[in-house]
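Subject: Structure for your study

Dear colleague,

Please find below the sequence and structure that I am handing over to you. My notes on what was found follow directly after them.

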Amino acid sequence: GGGGGGGGRALKSVKLSQCAFSPAELFSFYDQVHTTGMDIKQHFTARAALTLGKDMTFRDYSQGAFRMRGIGQGQTLRLLIIPEVAQLIEGEVAKGAGLPADHRPVFGPAAGSKDRAVAGGVLRDVTSWLIINQMRSEAGQHAMLASQSVRNVWRKSAFRGLLAGHGKVGTRTMDTKLRHSLDVFREQLDLSVAHTLPQQRSLVEQLTKMVDQNEVLLDAAGRQVIQDVLSGLKGGGGDGGAQASVGTESEQVQEQEQEQEQEQEQEQEMEIEQQQERVPAAAKQLPYSRDEEKDEPWPLSSLSAMYEKENDSAGHGFYPMSEFRMKGLTKAVPSLAFPPYMMVSSNYYKRKWGFSAYRRLKNVVVVAEWVPDASQLQLWGGGKGSEGLSADQERHLHEAFDLIDVDGNKRLDVTQARQALSALDAGLAGATAAEMERMFEAMDLDADGSLDFEELKHAVSFHTMYGVQTGRYFVLLSLHEAQCLRAAMHIARRLPGGLAAHAAQGGAQLAGVALRAGHTLLDATPNFDAAPRPHQELVRQSFRFFDGAMDYSAVEVSTLLKALQGSTPEQRARFFVDIRSCRRRSHREWQCQKVARLLTTQDEFPLLEQRAALARIGTLMRDKGLAAADLFLLFDHNGDGSLTPAELYGGVEWLGLRMSPAQVQGLFAATDTDHDGTITLEEFKAALHLATMGAEEDNDVLDAPASAGGLLAAVGPGAIKPKLLPDDEAVQALAGARVPLPSSAWEKYEIKLVEPEDGCLKEVWTSRGTMTSQAASLWDVPSPDGGPNLTSLAAFRRLSLRDVCVPVGSLAVSQAGQPGAGRSSPPLGPVYMMELRDRSVLPMQKSKLNDAVLDGLMPHPVRYHRVWEHTAGQTPLYVWRAVSPSPRFVALGMLATNGQEPPPLTAMRLVPLDWCVESSQQPQLVWQVPRGMRPGCLWRVGMMGLLWATAGTTADEPPQGPFYTLCAAKIKLAEVTPNDLLGERFDVKF
């Protein structure tokens, strides 16, 4: 038997044999843990409801089914399958049949049929799926056992080593093997978030890699054990079910091991929860008044009369929501400009209460959609006009109109009107073809099959694209009021002859009325015709705002901005705070919630240009027979997998879309959703999806992979030349100023590599405190502006004003101390700095042309990408990859910092590709993340020993190039710099 508590009374548990219920009156519940071995006698006609979980196996299924001992003798089973599990079953069955999942429906309309053939087919498919799950579960358990067996080999060896040499731990006599034995049992804590997806490897590959890492702990017997386990995995196919990390247990095994513990804990938690005092969300503690709360009746016949604001002779019990006023935290809550078709019942909140006293507000539950006379319905705003649009809003709208009107005839056809609708409101996504046609007809006031700017302006002012109608109202009711109205609707239906006969006998003719609770239609009169879906969504979001809701999607915020465009953000914020304070709501700051955008944004008119441009790009893309991936490859001139503002500018002009630099910058900012300074393919597709409103015919083009032929093959990826933006500071750094450079001085400039003097480098990071035996450190070269760090006499003696140190990346050193001339060379060899020298001046003279040469031939990056981070240890480490402004310049290394913010653009310079060759030297491992933490490595590349970082990899996975290094340790710029590059940068006479 079982017991529980409810209603403040404790119930007593009794034995099943002692209860007063017959077997036919009992309800038994078995959870998955208690099905095996549980035997409760059931009535001979009992029916069991058997549920399926996503990880259920055939064993669990059969154990649950056979709790019914009389199956086939009167007792029956009924399968209850949720849609998500049904989809899993259909997918597996379709794989077995060699068909796509949508071509093999298992649970169609006939799934619940009593026909034995149909039911037998469903049971066969369910059983097949359960057996497949059991095979997966057993394969996962086998993989875990194999993994544990392999790891136990070196763990036992490490344990024996620690027992024998524990006295040496922490001393200088501690050898490498003993240190490795200690690392085996260390559990590292890594809180960093990976920047790349982990590479999927088979179980055999993962175990083989772990064996190589622990080779120092293995003897001949241990290697043989491991070889036997790996051979069994390769030969027995046990590798197939273990593609995830070796240290991660499968969901099936976790559930089986933890369910028994959870069952015991749940009963304890239920008792504790009943005793704990729960503090519900509450309204602010104010002196609320309860006076005059009695409901005031209003005649049902008033529903058949139109509402007249100035003279409500019909006695409606409603008033416009824009007149709602109350006393809140700020003493007097001013009314907010809600749409005129939204109303409030006096029984919900009496208008006369106003500012007289504090009043608790009820929740928004039931809203009545009310049409007094369907023959009087007409689109809101009868003639052309632009009421409600400011001069700035009209300017943004006109610029969007011009972008869409590519043929310049000052009119938009049906296709262009659809682009205009997507630019006006992303909330129209998913509209059907019939809804789109209705929207266009509502906007086309002169019915000539096209839209001019005045018609578009009228649609924006009066929301005609939503189908908003005069003569249709939405009224917020109290619950008691909604109950009475619904009862009246039901009574009128049961009258002889229905509503028409009732009206003919002098009774009240009910108008078109529907009662809604959110998306749910509770009831409606037979003569009711619902508002268009976009209009309903406008109202629903407005009532959610009135109810104090904080969680909105981007589309919902866009819809609300349209509904409340007549109010300022400050007015909305004050109204929202005060309305919410008088409701039972958790007291959270709205600034950190999704509603903040609604309360800080005036309107979305500044975004109209970007949305219109994206819609036009989508149309031009389809006209050229390109997929979104094709267009992205064409725009991506340097092939780095992302778009810069210059590449986007050149791309849109190639499409034939004429945009100003300011418009391109706005389009770039709207598309770059993560604000990292580049547009990825995913961001590009997402922006086009929003612009096309999710139409199915557009989704195929947007989601299709890059094609192998067509225009992309003819033109070639990256063939579109970027166009520089005049106001792009990063590109201006590349463009620079053309300065006069005497040929005699130019011939004397040279670049050379020098070993840093003792004391002139700045330490950025060291491996001290990272719980690893590897010694490593990262160093920055002195800044050209700040000069070297003269911390030693050697550095001072070497001081030369004509030499400028050029930062091209951080130096990676395989030791903890500072490298440099006069010190012992690090294990992986010395590191070098790059210096620019003007040999036309004396050593103690500063060249006046150094800055011009650097800015012209060695520009700064346009931005950085963070490629790796490691926050464990004494000092956090962040590694950044520089993004070049042009394919003619390359980064020789990466930059290391201690903060999450990107380093200054001036912290690094790029090198002309003409000065470089591909490095023949393989990357050298400097340091790798300790065992147990997210993998990652630091490397040194090129002859200078510059930093390169890889995330998610280990020591046996070096980074893939190409890596560039200078063509010589000392070069003369006049000999290696092409004349065309010099001509672009300087006024040089050759």
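Glu323 is buried, as its relative accessible area is 16%; here buried means under 20% relative accessible area, exposed means over 50%, and partly exposed lies in between (1.4 Å probe, protein chains only). Arg351, by contrast, is partly exposed, with a relative accessible area of 43%. The side chains of these two residues, Glu323 and Arg351, form a salt bridge with an N to O distance of 2.4 Å. A salt bridge is counted when a side-chain nitrogen of Lys or Arg lies within 4 Å of a carboxyl oxygen of Asp or Glu. This pair connects distant parts of the chain, 28 residues apart: Glu323 belongs to the loop between S5 and S6, and Arg351 to the loop between S6 and S7. The letters H and S stand for helices (H or I, at least four residues) and strands (E, at least two), which are DSSP runs numbered from the N terminus.

Please note that this is a predicted model, in which local features need pLDDT of at least 70 and side-chain atom pairs count only at pLDDT 80 or more, while totals for chains, interfaces and linings use all residues. Residues are numbered from 1 along each chain as its sequence is written, and side-chain values use heavy atoms, with hydrogens and water left out.

Further salt bridges

The structure holds 27 salt bridges. Side chains of opposite charge can pair when their charged atoms come close. One of the pairs is Lys95 with Glu92, whose closest N and O atoms are 4.0 Å apart. These two residues, Lys95 and Glu92, are three residues apart in helix H2 (residues 83-97), so about one helical turn separates them. Lys95 is exposed at 62% relative accessibility, whereas Glu92 is buried at 15%. Another salt bridge joins the side chains of Glu869 and Arg866, at 3.3 Å from N to O. Of its two members, Glu869 is buried at 13% relative accessibility and Arg866 is partly exposed at 27%. There is also a network of salt bridges, which links Arg411, Asp446, Asp448, Asp452 and Glu455.

The six-stranded sheet

In what order do the six strands of the open sheet with mixed pairing stand? The order is S5-S6-S10-S7-S11-S12. Two strands pair if DSSP finds at least two bridges between them. Strand S5 (318-320) and strand S12 (520-524) are the edge strands, each pairing on one side only. From one strand to the next, the twist averages 30°; axes are lines fitted to C-alpha atoms, for helices over the stretch in contact, and angles run from 0 to 180 degrees between N-to-C directions. Strand S11 (residues 512-517) pairs with S12 in the antiparallel sense over four bridges, and Leu515 stands opposite Asp523 in S12.

Two helices are found packed on this sheet. Helix H12 (residues 479-494) touches S6, S7, S10, S11 and S12, and its direction makes about 50° with that of S12. Helix H14 (residues 533-546) touches S6, S7, S10 and S11, and its direction makes about 30° with that of S10. Contact means heavy atoms within 4.5 Å.

His535 lies in helix H14. Is His535 buried or exposed? At 0% relative accessibility, His535 counts as buried. Apart from its neighbours within four places in sequence, His535 has contacts with Tyr341, Tyr466, Gly467, Val468, Gln469, Arg472 and Phe474.

The four-stranded sheet

A second open sheet has four strands in the order S17-S19-S14-S30, with antiparallel pairing. Strand S17 (803-806) and strand S30 (970-972) have a single partner strand each, so one side of each is left without a neighbour in the sheet. Strand S14 (residues 749-754) and strand S19 (residues 833-838) run antiparallel and are joined by six bridges. Within this pair, Tyr749 stands opposite Asp838 in S19. Helix H28 (residues 850-857) packs on the sheet and touches S14, S17 and S19; its direction makes about 125° with that of S19.

The protein as a whole

The secondary structure comes to 30 helices and 31 strands. Of the 990 residues, 45% count as buried. Among contacts between residues at least 6 apart in sequence, 72% join residues at least 24 apart.

A colleague
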